[in-house]
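Colleague: I've got a model open and I'd like to learn how to read it. Could you walk me through a few features?

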Amino acid sequence: MLDKKLHLAAFVSAGPVSGSHAGWRHPEADGDLLSAAYYQNIGRLLEQGRFDLLFIADILAIPDTLGGSLDSQLRYGALGALRLDPLVVLSIIAGATKHLGLGATISTTYAQPYVLARALATLDHLSGGRAAWNIVTSFQEAEARNFGLTEQLSREGRYERADEFLEVVTKLWNSWEDGALVRDRETPLFADPARVHRIDHSGKWFNVRGPLNVSRPPQGRPVFIQAGASDRGRDFAARWAEIIFVTPGLIDVAVEFRNDLRARAVRFGRDPDTIKVLPGIVPVIGDTEKQAKAQHDQLHELSHPESGLSTLSYHLGVDLSRFPQDQVLPEDLNVPGVEGHYREVSELTRRSGLSLAELGQRYGAGRTTSGFAGTPGTVADRMQEWFEAGACDGFMLQVPYLPGGLGELVHGLVPELQRRGLFRTEYDGSTLRDLLGLPRPAG
């Protein structure tokens with residue numbers, strides 16, 4: 001029996017695409033994306049599987065990078081065709097679960113620190129200490145135009161604003177000392193004024209007086225999630241993040257990434273064990289290898305090449321319709337979007353020689369990380385190999401279709417991981433920080 005356990009998080013979108021652009025078309029998919037019951041069912045299934053966390057991705061516009069048009073996103077139900085507000089969805093799930101961590105994606109470029117600090121403190125209180133925040137800086141021009149801007153901030157400008165944003169929200173969560181909320185009816189003393197403080201923050205991006213009007217969250221602050229893969233993004237993650245979501249295509253790339261992040265964390269004065277690196281994978285499970293391959297092939301067939309190419313264009317911030325579709329992805333592109341995704345697909349192109357059209361279909365069908373399709377035993381073998389090689393601290397599982405694909409993980413893969421001593425059999429803590437083995441920050 002292994003002492004160290006891996007962590008499992010589920011990557012879910014409150015929309016048609018979580019792990020595969022074919023997901024909403026799958027014959028066993030539940031199409032009721034707009035109902036509370038749909039998301040509560042997902043939360044209950046994940047809790048049944050003893051998952052650490054449900055993480056809801058989000059963007060603030062329908063992408064129009066491919067050909068300058070919304071058509072491919074809307075027509076094919078691609079990544080950004082529809083997105084419900086993650087905080088509202090997570091609040092509904094919180095009421096249907098008791099242990100599952102609840103991660104919301106919110107942009108530091110378009111939110112305000114006070115509003116975000118208040119909302120996440122509220123979620124942490126109402127869920128009993130289960131809130132997490134996936135910190136994004138946003139990179140889509142279409143998002144900028146939805147917030148009164150004519151162009152996106154530069155990458156450096158976005159990270160500069162994000163650093164100050166994190167400083168402000170941390171001050172706000174600490175503006176109430178532990179124990180400041182007294183609620184003594186006899187005295188009477190509702191909250192101790194001597195233990196609630198203004199923050200009087202004045203900076204380049206924000207001027208915030210404080211204090212917050214919500215008492216200090218049960219976890220001290222929500223768990224921070226981040227996915228920066230650029231050099232600047234890695235520094236930001238090493239300074240702030242506790243969960244890092246990454247998409248390496250190969251195990252050696254994942255080992256290098258995790259080692260680099262841990263070394264950077266030390267330079268920021270942090271304990272590297274307070275960073276949990278979770279690569280994103282799309283496991284395709286079958287009772288037999290033949291069934292898993294049939295499932296994989298079905299997802300590939302149901303994924304339209306243009307849907308994946310549309311999402312890849314959004315991820316890179318590059319209109320890929322400008323290049324010949326029967327040729328490979330150009331090398332040395334200037335990528336204003338997610339550099340990690342560009343490295344991922346560049347590796348795949350070098351390995352396989354896929355044309356852009358073929359790459360779009362492959363990208364749309366699911367993550368390009370190979371080796372995670374098969375029986376529960378063969379997929380667990382691959383996960384164990386990555387975990388024991390030091391490539392990760394667990395995995396961010398992206399489910400090809402919902403809820404059936406999630407059931408395959410909970411009833412097939414998870415028991416196999418538990419049998420090997422790689423994953424918990426019962427919840428062991430009351431907050432998300434407890435589940436992740438993370439300390440509660442001092443006030």
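Colleague: Where is the place of Arg50?

Modeller: Arg50 sits in the loop between helix 1 (36-48) and strand 2 (53-57). Helices here are DSSP runs of H or I with at least four residues, strands are runs of E with at least two, and both are numbered from the N terminus. Phi of Arg50 is near 65°, a positive value in a residue other than glycine. Bear in mind that this is a predicted model, where local features need pLDDT of at least 70, side-chain atom pairs count only at pLDDT 80 or more, and totals for chains, interfaces and linings use all residues. Residues are numbered from 1 along each chain as its sequence is written, and side-chain values use heavy atoms, with hydrogens and water left out.

Colleague: And what is phi of Arg183?

Modeller: Near 55° for Arg183, also a positive value in a residue other than glycine. Arg183 belongs to strand 5 (residues 181-184).

Colleague: Is Arg183 buried or exposed?

Modeller: Buried means under 20% relative accessible area, exposed over 50%, and partly exposed in between, using a 1.4 Å probe and protein chains only. Arg183 comes out at 57% relative accessibility, so it counts as exposed. Ile281, by contrast, is buried, with a relative accessible area of 0%. You'll find Ile281 in strand 11 (residues 276-281), and its C-alpha atom is 7.1 Å from that of Phe395, 114 residues apart along the chain.

Colleague: Next topic: how do I describe two packed helices?

Modeller: You give the angle between their axes and the distance between the axes. Axes are lines fitted to C-alpha atoms, for helices over the stretch in contact, and angles run from 0 to 180 degrees between N-to-C directions. Take helix 9 (residues 289-302) and helix 12 (residues 356-365): they pack at about 120°, axes 8 Å apart. That makes helix 9 oblique to helix 12, since angles under 35 degrees count as roughly parallel, over 145 as roughly antiparallel, 65 to 115 as roughly perpendicular and the rest as oblique.

Colleague: Which residues make the contact?

Modeller: Contact means heavy atoms within 4.5 Å. Helix 9 brings Leu299, His300 and Glu301, while helix 12 brings Gln361, Arg362 and Ala365.

Colleague: Where are the cis peptide bonds you'd show me?

Modeller: Look at Gly210 and Pro211, joined by a cis bond with omega about 0°. Pro211 is in the loop between strand 8 (207-208) and strand 9 (223-226). The bond from Leu402 to Pro403 is cis too, with omega near 0°.
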